[in-house]
Amino acid sequence: MNSKKICYACDLVDNPELIAEYKRHHAKGNAWPEITKNIKDSGILDMQIYLLANRLFMVLEVDETFTTERKQKMDAENPKVQEWERLM
C-alpha cells in the first residue's frame, strides 16, 4: 500500500474561548464517531492537528484511494459531517 502526506494550514478566529472550545472538541476521544468513520472511509490513515496561537496545521497520511474531491463530496453528502462543520 502506498501512502502520502498532505498538509494544510489555516487561521482560526483569534478568540481564546473559541479556540479552547475547538481544542475540547478535538481532544482524543471527543470527536463524534460519525466524523472518525468518515475520515477513515475517505482514505485518511492518520490525522495530526497542531495549533500555535490561532494557526492550525493539519497533517494527513492518506492511502491511494484518497482524493480531495472525493472527500469534499463525502463531506457534503453526510449530514453529521455538515453538523460538525457548523459547530467548528
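I take a disulfide to be a pair of cysteine sulfur atoms within 2.5 Å. The model I am working from is predicted.

Entry 1, cysteines. With that cut-off I find zero disulfides in the structure. I checked Cys-7, which is in no disulfide; its nearest cysteine sulfur belongs to Cys-10 and is 13 Å away. Cys-10 is likewise in no disulfide, with the sulfur of Cys-7 as its nearest at 13 Å. I then looked up accessibility: Cys-7 counts as exposed at 58%, and Cys-10 as partly exposed at 37%.

I counted one aromatic pair. The ring centres of Trp-32 and Trp-84 are 5.0 Å apart and the planes stand at 75°, so I log the pair as edge-to-face. Trp-32 is in the loop between α1 (16–26) and α2 (33–41), while Trp-84 is in helix α4 (residues 79–87); the pair links distant parts of the chain, 52 residues apart. I have Trp-32 as partly exposed, at 21% relative accessibility. Trp-84 is buried, at 5%. I also note that the charged end of Lys-80 sits over the ring of Trp-32, 4.8 Å from the ring centre.

Which residues make up the largest nonpolar core? I list nine: Ile-6, Ile-35, Ile-39, Ile-44, Leu-60, Val-62, Phe-66, Val-81 and Trp-84. Two or more of these residues come from each of α2, β3 (55–63) and α4.

I set aside neighbours within four places in sequence and listed the contacts of Phe-66: Ile-6, Ser-42, Gly-43, Ile-44, Leu-60 and Lys-71.

Methods
Residues are numbered from 1 along each chain as its sequence is written. This is a predicted model: local features need pLDDT of at least 70, side-chain atom pairs count only at pLDDT 80 or more; totals for chains, interfaces and linings use all residues. Side-chain values use heavy atoms; hydrogens and water are left out. Rings of Phe, Tyr and Trp (its six-membered ring) pair if their centres lie within 6.5 Å; planes under 30 degrees apart count as stacked, over 60 as edge-to-face and the rest as tilted. Helices (H or I, at least four residues) and strands (E, at least two) are DSSP runs, numbered from the N terminus. Buried means under 20% relative accessible area, exposed over 50%, partly exposed in between (1.4 Å probe, protein chains only). A charge sits over a ring if NZ of Lys or CZ of Arg is within 6 Å of the ring centre and within 35 degrees of the ring normal. A nonpolar core is a set of buried Ala, Val, Leu, Ile, Met, Phe, Trp, Tyr and Cys residues joined through side-chain atoms within 4.5 Å. Contact means heavy atoms within 4.5 Å.
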